[in-house]
Amino acid sequence: MAAPIPASPLFLREPEIRRGIELLYFGYANLTRSIDAGLAKQGLGRAHHRALYFIARQPDLTVSELLAILGITKQSLGRVLGELADRDMVETRTGERDRRQRLLRLTPAGAALEAELFEALREKMSTAYSSAGQGAVGGFWAVLEGLMPESERNSVSGR
């Protein structure tokens, strides 16, 4: 991989902002394409992957919490969770303290698919991280955190 082009000291000018937006867009598009074949093989899409990913990260996540994380409608999430449940990838149980809560957990089949998809993402991210170096990774994280509202930053793992 070629050495990264250093940021201009005038990094707040329009060309530098546009370059950052384009790098973010194309980088994310390439990252997610790495799992599209695995999802298509299962007849699933990226919304299914996002649900699997966050349920794997936090077993017993409530449907309300997942709705807030994904920022999608109840109807869309209901469709995604219904399909995952029909394929025996996600199970739902009632909350112990609040019987109205629906707690989500991956089944062994869901955990296996999520792990397979994560491995493809891990390979891409590890390659990019190794190429950029530790300092650049920290800077990348700082930029991404700066794009998030402060109130949502604690929802990222490792904080």
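Met148 is found in the segment after helix α6 (134–147), where helices are DSSP runs of H or I with at least four residues, strands are runs of E with at least two, and both are numbered from the N terminus. Met148 is partly exposed because its relative accessible area is 22%, and the class in between lies from buried, under 20%, to exposed, over 50%, with a 1.4 Å probe and protein chains only. Leaving aside residues up to four places away in sequence, Met148 touches Arg153 and Val156, a contact being heavy atoms within 4.5 Å.

A word on the model before we go on. The model is predicted, so local features need pLDDT of at least 70 and side-chain atom pairs count only at pLDDT 80 or more, while totals for chains, interfaces and linings use all residues. Residues are numbered from 1 along each chain as its sequence is written, and side-chain values use heavy atoms, with hydrogens and water left out.

Now let us step back to the whole chain. The protein chain holds 6 helices and 3 strands, and reading along the sequence gives the pattern α-α-β-α-α-β-β-α-α. Its C-alpha trace spans about 55 × 35 × 25 Å along the principal axes. Of the 159 residues, 22% count as buried. Among contacts with a separation of 6 or more, 49% come from residues 24 or more positions apart.

Next, follow the strands. The 3 strands form an open sheet in the order β1-β3-β2, with antiparallel pairing. The edge strands are β1 and β2, each of which pairs on one side only. Two strands pair if DSSP finds at least two bridges between them. Strand β1 (residues 61–62) is joined to β3 (residues 102–106) by 2 bridges, and Leu61 has Leu104 as its bridge partner in β3. Strand β2 (residues 90–94) pairs with β3 over 5 bridges, and there Glu91 has Arg105 as its bridge partner.

Apart from residues up to four places away in sequence, Arg105 touches Ile55, Pro59, Asp60, Met89, Val90 and Glu91. Between Arg105 and Leu31 there are 25 Å in space, C-alpha to C-alpha, and the two are 74 residues apart in sequence.

Most residues other than glycine have a negative phi. Asp60, in the loop between α2 and β1, has a positive phi near 70°. Another positive value belongs to Asp88, whose phi is near 55°; Asp88 sits in the loop between α4 (74–86) and β2. Both aspartates are partly exposed: Asp60 has a relative accessible area of 22%, and Asp88 has one of 48%.

Finally, turn to helix α5 (residues 108–132). The expected span of a helix is 1.5 Å times one less than its number of residues, so the 25 residues of α5 should span 36 Å, and the 35 Å between its end C-alpha atoms agrees with this. Which residues of α5 are buried? They are Gly110, Leu113, Glu114, Leu117 and Leu121. The cover over these buried residues includes α1 (14–42), α2 (46–57) and β3. After α5 comes Gly133, which has a positive phi near 95°.
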